[in-house]
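Please open the structure in your viewer and keep the selection tool at hand.

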Amino acid sequence: MELCNVLKYDRSLYPSKAVFFYKTAENDFVPLEAEINRIRGQKAGFTEAFTPQFKSKNLAPQDLAHCNPLILEECYVPPNVDHIYCRFSLRVQANSLKPAGCSEPTVFALLEEFAAKFKTCGGYKELATRYCKNVLLGTWLWRNQNTGNSQIEVQTSSGNCYQIANTRKLAWDSHWPADAQKVLEELSDEVHQALTEPTVFWHANITVKIETAFCQEIYPSQSFGEKAAQGEASKQFAKVKCVDGRYAVSFNSVKIGAALQLIDDWWDYDGSKRLRIHEYGADKELGVARRSPESEQSFYSLFVNSELYLAELNQHLVEDEYSISPNIYYLFAVLIKGGMFQKKAKKNVKSKNEEKVEAKEKV
């Protein structure tokens, strides 16, 4: 299969922003607000005293003792509050069953059949289970996972309510207790149906209750914008404006989506590290691509072999043995993420010799 000039997939997972709040005796939703602090930072960076060549700068003894005034936004649990809540919603749609746009009818038909066979072989169930694991483990809390006991509740549009009593007792590869395993299986069944049935409109509200220490620091998303104006905080948090005019700190939807898509352990035979789904297997910790073009494990290198993978699935159906290749799981995880996967249209650039020949023919 060749990449088309137009080929795109709509994403299948639609997380909302995640909002932080707490409860009081009078109110069950009090926005957790950021505060602006002016601090005297230390001059402790490498460039304060050294050149890029590791040569000492010509500094007076007191130069490195001066403070570096900073204006920052910070967020802490209010005094006398024992629990912080964080809530977001998730919609799931069956958009990976066929392209949202494709300039080649034969490629469109091939990819539609590929998805149908993957569905028949039960491939979407494995992906649904992985997404649900990240939901129930609280992976989307990022740095806020390192805290006290955390209880997660998931209320679905199907009318079901699932609970994990304490996420800190669970891990991705650990043996889950029977009650937690049952929650994982039942929730993944709902997500699986939403991923494979276009007529199903499914969503869920996910809320975590975090046990906190006194005035514990909270880590929302940081907002990246233009350089801060004079007197403004250089580090600012993402926020949501509530109906009472106050601003609650939050995670942006992209950060939530990134956590849900931390499922790619197929890039490594040992499965030692899960990566966020990415066409080139970006490893943000080390700043490298685990699926570089040279490795022939990038999305595009595998995607052009869709015909071979389709034949492999058909063979599994004939043999009634559904052992799906990790590469196929990875391909559909990228399609669920969605994006533009086409190559650029070739420009009709004529060589100088061709131009000379045309000129002679015109004469």
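This is a predicted model: local features need pLDDT of at least 70, side-chain atom pairs count only at pLDDT 80 or more; totals for chains, interfaces and linings use all residues.

**Stop 1: helix H4.** Select residues 178-196, which form helix H4. The helix has 19 residues, and its first and last C-alpha lie 27 Å apart, close to the 27 Å expected at 1.5 Å a residue. Now colour the buried positions of H4; among them are Ala180, Val183, Leu184, Leu187 and Val191. The buried set also includes the polar residues Ser188, Glu190 and Thr196.

**Stop 2: Glu74.** Move to strand E6, residues 67-74, where Glu74 sits. Its relative accessible area is 14%, so Glu74 counts as buried, the cut-off being under 20%. Which side chain does the side chain of Glu74 meet in a polar contact? Show Asn37: the two side chains make a polar contact at 2.4 Å.

**Stop 3: Asn80.** Continue into the loop between E6 and strand E7 (83-92), where Asn80 is placed. Asn80 is not a glycine, yet its phi is positive, near 70 degrees. Is Asn80 buried or exposed? Asn80 is exposed, because its relative accessible area of 76% is over 50%.

**Stop 4: Cys215.** Last, select Cys215 in the loop between strand E11 (202-211) and strand E12 (222-223). Its phi is about 55 degrees, a positive value although Cys215 is not a glycine. The relative accessibility of Cys215 is 27%, so this residue counts as partly exposed.

Note on methods: Residues are numbered from 1 along each chain as its sequence is written. Side-chain values use heavy atoms; hydrogens and water are left out. Helices (H or I, at least four residues) and strands (E, at least two) are DSSP runs, numbered from the N terminus. The expected span of a helix is 1.5 Å times one less than its number of residues. Buried means under 20% relative accessible area, exposed over 50%, partly exposed in between (1.4 Å probe, protein chains only). A polar contact is a pair of N or O atoms within 3.5 Å; within protein, one must be able to donate a hydrogen and the other to accept it, and residues adjacent in sequence count only if both atoms are side-chain atoms.
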